Amino acid sequence: MASVKKDNRLTSSQSFMCVGFSGFFSKTVTSPLEVVKIKNQVGTFHCKSGFCQSFLVIYQNEGLRAFWKGNLASCLRLFPYTAVHLTTYKKIVHLHMDELGFISQWRAIFAGGLAGVAAALVTYPLEVAETRLIAQNCRQPTYVGVAHTLSKIYTNEGLHALYRGFSLTVLGAFPFSVGCYAVYLNLDKLWQEPPFRFTPLQNLINGCIAAGVAQTLSYPFETVKRKMQAQSARLPHFGGVDVHFSGMIDCFMQVVKNKGVLSLWNGLTANTIKIVPYFGLLFTCFEMCKQVCLYRNGYIISPLSYQLTPGVDQSLGPYELQEVKRYLKNRNFRSRESSLGNRW
């Protein structure tokens with residue numbers, strides 16, 4: 001998957017906020033595509049006429065705000081997901097490093113997959129809430145807001161309903177990791193140069209390709225997961241799901257039997273189209289936030305450019321740089337006092 005490159009000139013909190021804000025912005029802008037994708041996966045009536053027609057049907061039946069249903073739950077999920085993912089990833093990578101601190105590409109991707117599962121476990125109820133909010137008709141809502149959705153699901157269906165379909169996240173992590181590995185294994189052949197020479201644009205393209213391949217391979221697992229998240233006997237039309245089932249395996253069987261194998265990839269068009277603007281906005285917004293932080297930390301002369309501040313050692317961390325500045329300021333103050341004393 002595409003990821004923003006760590007910059008040691010930012011503090012941990014600054015990096016976290018830059019990632020969180022850029023994710024929040026890119027998710028909000030691409031939310032209409034996410035809504036169409038999830039409605040296709042669940043199988044609501046809005047998506048019976050194809051990708052383009054889905055937008056018109058949703059707008060006619062629910063209005064413009066329907067394209068941002070569940071976006072708050074998705075954005076709230078970003079911060080704990082990122083925190084757990086980064087922490088778990090670092091611990092797993094540290095365990096698999098050799099004596100020289102090296103880790104193979106396959107082990108790194110595997111660590112990313114495990115970290116993703118751990119992060120999903122913590123934030124899964126918010127994903128269920130997002131699916132329920134998107135699947136319902138916002139003009140005749142069963143749920144009003146994220147907190148109400150979580151509370152009502154827990155009260156009426158129990159805690160297990162907030163984790164229904166989670167096993168598919170674990171199962172889907174394997175083809176997802178294989179897809180990422182297959183892409184990154186062939187990047188040097190694609191660009192005819194080693195990875196350390198890739199430009200930011202090349203890294204963005206690489207991330208989009210890896211995301212496209214990995215998500216396509218794991219997509220059937222996500223489709224069944226969304227159906228399991230949405231289905232409930234307590235909701236109108238069983239949550240809008242287009243097939244009825246009793247469990248994970250039965251859901252796969254019913255989908256294939258009644259809708260065909262290719263229906264496991266319903267919504268893939270919206271998902272694929274979403275990849276480029278999502279990661280493009282993610283990288284762009286992150287870089288803009290990073291520039292502001294680097295300017296505040298004293299590494300660049302303006303938040304509107306990457307022109308480095310003269311005389312500043314860019315290898316120093318932000319706290320080290322502050323200590324150097326404090327030391328130089330105190331030394332200049334003492335030398336000024338000494339020169340004044342000599343005059344008197």
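A residue is called buried when its relative accessible area is under 20%. Ser-218, with 10% relative accessibility, therefore falls in the buried class. That cut-off will be handy in the legends below, which walk through a predicted model.

**Figure 1. Ser-218 sits in helix α9.**
Start with this serine, which is buried at 10% relative accessibility. A polar atom of the Ser-218 side chain lies 3.0 Å from the backbone oxygen of Ala-214. Residues three or four places apart in an α-helix point the same way, because there are 3.6 residues a turn. Leaving out residues up to four places away in sequence, Ser-218 touches Gly-172, Pro-175 and Phe-176.

**Figure 2. The whole protein is built from twelve helices and zero strands.**
Read along the sequence, the pattern is α-α-α-α-α-α-α-α-α-α-α-α. Along the principal axes, the C-alpha atoms fill a box of roughly 95 × 45 × 35 Å. Of the 344 residues, 45% are buried. The accessible surface comes to about 18,700 Å², and carbon and sulfur atoms own 64% of that surface. Among contacts with a separation of 6 or more, 67% are between residues 24 or more positions apart.

**Figure 3. Helix α5 bends by about 65° at Thr-123.**
If you trace the axis of α5, look for Pro-125 too: this proline follows the bend within four residues. The helix covers residues 105-135, which is 31 residues in total. How far apart are the end C-alpha atoms of α5? They are only 38 Å apart, whereas a straight helix would reach 45 Å at 1.5 Å a residue. Most of α5 is covered, with 22 of its 31 residues buried.

**Figure 4. Glu-127 is a buried residue of α5.**
The relative accessible area of Glu-127 is 4%, so this glutamate counts as buried. Its side chain makes a polar contact with the side chain of Gln-229, at 3.4 Å. Setting aside residues up to four places away in sequence, Glu-127 touches Arg-77, Lys-225, Arg-226 and Gln-229.

**Figure 5. Ala-161 lies in the loop between α6 (146-157) and α7 (166-185).**
Is Ala-161 buried or exposed? At 0% relative accessibility, this alanine counts as buried. Beyond its neighbours within four places in sequence, Ala-161 is in contact with Val-128 and Ile-153.

**Figure 6. Glu-222 and Lys-37 meet in a salt bridge.**
The N to O distance between these side chains is 3.0 Å. The pair links distant parts of the chain: Glu-222 belongs to helix α9 (residues 200-230) and Lys-37 to helix α2 (residues 31-42), 185 residues apart. Side chains of opposite charge can pair when their charged atoms come close. Lys-37 has a relative accessible area of 4% and is therefore buried. Which residues join this pair in a network of salt bridges? Glu-34, Glu-130, Arg-226 and Lys-274 are linked with Lys-37 and Glu-222. Arg-226 is also one of the residues that Glu-127 touches.

**Figure 7. Lys-227 forms a salt bridge with Asp-242.**
Here the closest N and O atoms are 2.7 Å apart. This pair again links distant parts of the chain, with Lys-227 in helix α9 and Asp-242 in the loop between α9 and α10 (248-259), 15 residues apart. Lys-227 counts as buried at 2% relative accessibility, whereas Asp-242 counts as partly exposed at 22%.

**Figure 8. Glu-157 and Arg-164 form a salt bridge.**
The closest N and O atoms of this pair are 3.6 Å apart. With a relative accessibility of 14%, Glu-157 counts as buried. How many salt bridges does the structure hold? There are 14, and the Glu-157 and Arg-164 pair is one of the salt bridges shown in these views.

Conventions
Residues are numbered from 1 along each chain as its sequence is written. This is a predicted model: local features need pLDDT of at least 70, side-chain atom pairs count only at pLDDT 80 or more; totals for chains, interfaces and linings use all residues. Side-chain values use heavy atoms; hydrogens and water are left out. Helices (H or I, at least four residues) and strands (E, at least two) are DSSP runs, numbered from the N terminus. The expected span of a helix is 1.5 Å times one less than its number of residues. The bend at a residue is the angle between axes fitted to the seven residues ending there and the seven starting there. Buried means under 20% relative accessible area, exposed over 50%, partly exposed in between (1.4 Å probe, protein chains only). A salt bridge is a side-chain nitrogen of Lys or Arg within 4 Å of a carboxyl oxygen of Asp or Glu. A polar contact is a pair of N or O atoms within 3.5 Å; within protein, one must be able to donate a hydrogen and the other to accept it, and residues adjacent in sequence count only if both atoms are side-chain atoms. Contact means heavy atoms within 4.5 Å. Accessible areas come from the Shrake-Rupley method with a 1.4 Å probe; for residues, only the protein chains shown count as cover.
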